[in-house]
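Work through the following exercises with the sequence and the coordinates at hand, and compare each step with the solution given.

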Amino acid sequence: MDKVCIVGGLRSFIGVEKGMYKHLTAEEIGADVLRALLNKYKISENDIDGIIVGNSVGGCGNPARLLTLEAGLPENIPALTVDTQCGSGLEAMAIAAAKIEAGLGDLFIAGGAESCSTKPIRTRNENHPDYIKDGNNVYNVAKFVPGSPDELTMFRGAERVAVKWNMDKEELDAWALRSHRLATQTRDEGLLNDIIIAPNMRNRDEEVNADETVRPKISEKLLKRLQPLVPNGKYVTAGNACLTQDGAAFVIICSKKYAEEHNLKIEAELVDVLSVGVDPNCSPASTVPVVEKLLERNALKVQDITAWEFNEAFAVIDVLATKELGIPESRYNIFGGAIAYGHPYGASGGIITLHLLKALDRLEAAHKNSYGVCSIAAAGGIGTAMLIRKV
């Protein structure tokens, strides 16, 4: 069985919902990243065995196929859309890796694209059991738990985790401040410039040159003033939770044989990726057992991992990572996390993978064979984690 390798990748600048990409679809943003990626690495279109795209709030109809055609790729290239909500991008990579290991192809582009700005307006069919007669049936948040629909289900889950682990509100806000501070430093020093592109704005006047929600001037005083997002809650606010975003990110995943035959520099080996389910009412907690299982399955300990990237949908995840799992802060989300950058659902797996590769370069620039882990806790209580080895 051939080894699975990551050659490299690109992401877009990340925009807030109804912000700089408000008139661009997920397929358009993703197509620009995909085309730029193929041009950067000189990948022959004829060698691509498939495009695998994570997408959570699109308009159905296999957005991956439309994205591939928008990018101008040949019609014979198949495309697959994956929806495990927040974990869609990592799951797309897992599928690509599995196909390569099974001998079903040698080269795949995997990641995700999302546009909260152009997502469809969703309404319940009158035949659906949750339909409200003579009521408002438009909804923004999908149903993740049996029972009555709940637009606040994700916030309630984070609030429950904060209560269960006896977290401190000031500590959560401190993680949010850290995220923006590190993201600001990263931007000012240009540490991620070589993995970011600005999508084509389609003849509009908007200028795109930065991730839109990084806040250099955010303060502890401001965070203290923000009200809880859950009625009668006290932990989760708009300051220590991520915003809804637009963006795309893709990586090139191939067999070692393909990379060697085509003189492609391998960034890392994709060693393992897996998912674990937990109580869907406490979905952020899924990041703990999935990382524990990933390490156990590969006979590794926390101290064996050089760099960690977690999708920081809520600051409660930072506390779980550092206190429950014991991850050193100095090796965790060193460029800042999703509280600063945002969380374009299906694209986030690709984003944190790219940040992880850069973190490994920065933390162990002179060493080879260092390990990195990225993890996402997804809506519905599914945690996904991936182990890579820098080569």
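This is a predicted model: local features need pLDDT of at least 70, side-chain atom pairs count only at pLDDT 80 or more; totals for chains, interfaces and linings use all residues.

**Exercise 1.** Determine which parts of the chain are linked by the salt bridge of Asp272 and Arg297, and classify both residues by accessibility.

Solution. The side chains meet at 2.6 Å, N to O. The pair links distant parts of the chain, with Asp272 in strand β10 (residues 268-277) and Arg297 in helix α8 (residues 287-297), 25 residues apart. Asp272 is buried, at a relative accessible area of 12%, whereas Arg297 counts as partly exposed at 48%.

**Exercise 2.** Explain why the salt bridge of Glu171 and Lys323 ties together separate parts of the sequence.

Solution. The two side chains meet at 2.9 Å, N to O. Glu171 lies in helix α5 (residues 169-189) and Lys323 in helix α9 (residues 315-324), so the parts tied together are 152 residues apart in sequence. Lys323 counts as exposed, with 57% relative accessibility.

**Exercise 3.** How many of the 16 residues of α11 are buried?

Solution. Helix α11 comprises residues 348-363 and reaches 22 Å from its first C-alpha to its last, close to the 22 Å expected. Of its 16 residues, 13 are buried, so α11 is largely enclosed by the rest of the structure.

Notes: Residues are numbered from 1 along each chain as its sequence is written. Side-chain values use heavy atoms; hydrogens and water are left out. Helices (H or I, at least four residues) and strands (E, at least two) are DSSP runs, numbered from the N terminus. The expected span of a helix is 1.5 Å times one less than its number of residues. Buried means under 20% relative accessible area, exposed over 50%, partly exposed in between (1.4 Å probe, protein chains only). A salt bridge is a side-chain nitrogen of Lys or Arg within 4 Å of a carboxyl oxygen of Asp or Glu.
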